[in-house]
Amino acid sequence: MAVTDRVEPRSTGRPPLHPAGTKGFRRLAFSQQVSKWDVKLSPYLYISPFFILFAVTGLFPLVYTAWVSLHNWNLIGGQGKFTGLENYAFVVAQPYFWNAVGNTFSIFVLSSVPQVVIALMIAAVLDANLRARTFWRMGVLVPFVVAPVAVGLIFNNLFADQFGLINEMLKGAGLDPVRWHSDSLASHLAIATMVNFRWTGYNALIFLAAMQAIPRDVFEAATIDGAGRLRQFFSVTVPMLRPTVIFVVITSTIGGLQIFDEPRVFDQSGLGGADRQWQTLTMYIWELGWGQRNFGRASAVAWLLFLIIVLIALLNFLITKRIASQGGRK
């Protein structure tokens, strides 16, 4: 009977896999997977508080306002029947709505345009080698810290029709007093002055921060080439501030079209004058919501204001971007 040789298995030199080794391998693989998830998800988790807060305080009220605008919503009775676009049609047909639109744009132009120009000039002065620079930089921010109601009361007395300081100065100069609370343009100019008093210093600090980020060697090269300070401001500083200018213009547009505090405290009734000569869109929303107790129509005006702000902001962005691109090509 033939005897066959048995083949012994070769030894690999590795210990056999035991249950404990399998668990360790699985634990290592799971930790590696968690590490990959951490790398991918950590950036989103870091920025998630902003988006959560925006969704709660910004996005939800916006969507809920659109829902309210499509219903007959009363302060006491709450949600009524579905009306579709009836509230929008009613609001657009009202002359007070278009009067508020005109007043809002008039005050916006009178406040935002000088505000950006003056803020640029103040920032250029603060960027120079001044004594007590920290004091002056803090000083321009003081009007922004003052409560809007206090600013409104002070300027309301300054622009009083009979005994206001401005009219007294005009009388002293031999000029006729201005009816600040009667004439539309005069009231818009007074309210725009209040807005500029509060926000010019704030925008000036934004421009100042952008100016200090400009490399100093650029100005040194311009000085060697013979450019004076005025030429450096228009040829070096302003072109390099284009992104900041775009940002300030867009934020000023959003804030200017939502103006409420200054015109609201400019008189005692809070309706924008006897003939509503300075009633803005936000004041009209307040009147519909809390005066007439009709939240559906107030929400419709709020959404129309939102669409107007979006369109104007996009228009400002496209115009400033085109100007910046043309300046870059030059």
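Author: The model is predicted, so local features need pLDDT of at least 70 and side-chain atom pairs count only at pLDDT 80 or more, while totals for chains, interfaces and linings use all residues. Residues are numbered from 1 along each chain as its sequence is written, and side-chain values use heavy atoms, with hydrogens and water left out.

The helix is H10, residues 229-240. Helices here are DSSP runs of H or I with at least four residues, strands are E runs of at least two, and both are numbered from the N terminus. The buried residues of H10 are Gln232, Phe233, Val236 and Thr237. Buried means under 20% relative accessible area, exposed over 50%, and partly exposed in between, with a 1.4 Å probe and protein chains only. Down the axis of H10, the buried residues fall within an arc of 125 degrees, so they line one face of the helix; the arc is taken over the directions from the helix axis to the C-beta atoms. An α-helix has 3.6 residues a turn, so residues three or four places apart point the same way. On the face of H10 turned away from the buried side are the exposed residues Leu230, Arg231 and Phe234.

The cover over the buried residues of H10 includes helix H3 (95-126), helix H8 (184-212) and helix H9 (216-224), where contact means heavy atoms within 4.5 Å.

H3 also takes part in the largest nonpolar core, which has 21 residues. A nonpolar core is a set of buried Ala, Val, Leu, Ile, Met, Phe, Trp, Tyr and Cys residues joined through side-chain atoms within 4.5 Å. Val91, Phe97, Leu257, Leu281, Tyr284 and Val301 touch the most other members. Helix H2 (86-92), H3, H13 and helix H14 (295-329) each supply at least two residues, and H14 gives the largest share, 9 residues. Leaving aside neighbours within four places in sequence, Phe97 is in contact with Val91, Val92, Leu281, Tyr284, Val301 and Leu304. Apart from this core lies another, of 18 residues, among them Val116, Ala119, Ala123 and Ala204.

As for the whole, the chain has 14 helices and 0 strands. Buried residues make up 33% of its 330 residues. Of the contacts with a separation of 6 or more, 65% join residues 24 or more positions apart.
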